[in-house]
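Here's a quick briefing to read alongside the model. Have the viewer open and follow along.

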Amino acid sequence: MGRKVMERSLGVLRRAWQAGIGTRPRCRGRDRGMTTSEYAVGTIAACAFAAVLYKVVTSGAVLSALQSLIKDALDAKF
């Protein structure tokens, strides 16, 4: 009995695959411009992140820490 159930299940799966159920659905032009808007949102997010990073790096505390780090590195004894 188990073998018949298995063969029946495999037959159903095989027919479904051949009918195209197992394939990826194709876009029929409904999403035109979607990638362009995704690029636009990504570009805006990257610019916002760059602006925040610039503000952080040019702040007084970070500048003094970087200057101190560079001064210590240049004054190192070999």
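Does Lys 71 count as buried or exposed? Lys 71 counts as exposed, with a relative accessibility of 53%, which puts it past the cut-off of over 50%. Keep in mind that this is a predicted model.

**Fold and confidence**
- Reading from the N terminus, the elements go α-α-α.
- The average pLDDT of the protein chain is 81, and 81% of the residues score at least 70.

**Surface**
- The protein chain has an accessible surface of about 7,700 Å².
- Carbon and sulfur atoms account for 65% of that surface.

**Helix H1**
- H1 covers residues 2-18, so 17 residues in total, and runs 24 Å from first C-alpha to last.
- That span is close to the 24 Å you'd expect for H1 at 1.5 Å a residue.
- H1 lies largely in the open, because the number of buried residues among its 17 is one.
- Just past the end of H1, Gly 20 adopts a positive phi of about 95°.

**The nonpolar patch**
- Seven names to highlight: Phe 49, Val 52, Leu 53, Val 56, Val 57, Leu 66 and Leu 69 make up a nonpolar patch on the surface.
- Together, the residues of this patch have about 650 Å² of accessible area.
- Helix H2 (34-57) and helix H3 (60-74) are the elements that each give two or more residues to the patch.
- H2 supplies the largest share, with five residues.
- On spacing within a helix in general: an α-helix has 3.6 residues a turn, so residues three or four places apart point the same way.
- Leu 66, one of the patch residues, sits in helix H3.
- With 39% relative accessibility, Leu 66 counts as partly exposed.

**Helix H3**
- H3 has 15 residues and stretches 21 Å between its first and last C-alpha, close to the 21 Å expected at 1.5 Å a residue.
- How many of the 15 residues of H3 are buried? The number is zero, so H3 lies largely in the open.

**The salt bridge**
- Searching the whole structure turns up one salt bridge.
- Its partners are the side chains of Lys 71 and Asp 75, with 3.6 Å from N to O.

Notes:
Residues are numbered from 1 along each chain as its sequence is written. This is a predicted model: local features need pLDDT of at least 70, side-chain atom pairs count only at pLDDT 80 or more; totals for chains, interfaces and linings use all residues. Side-chain values use heavy atoms; hydrogens and water are left out. A salt bridge is a side-chain nitrogen of Lys or Arg within 4 Å of a carboxyl oxygen of Asp or Glu. Buried means under 20% relative accessible area, exposed over 50%, partly exposed in between (1.4 Å probe, protein chains only). Helices (H or I, at least four residues) and strands (E, at least two) are DSSP runs, numbered from the N terminus. The expected span of a helix is 1.5 Å times one less than its number of residues. Accessible areas come from the Shrake-Rupley method with a 1.4 Å probe; for residues, only the protein chains shown count as cover. Patches are made of residues with over 30% relative accessible area and no salt bridge: like charges are joined within 9 Å, nonpolar side chains (Val, Leu, Ile, Met, Phe, Trp, Tyr) within 5 Å. pLDDT is the predictor's confidence in each residue, from 0 to 100.
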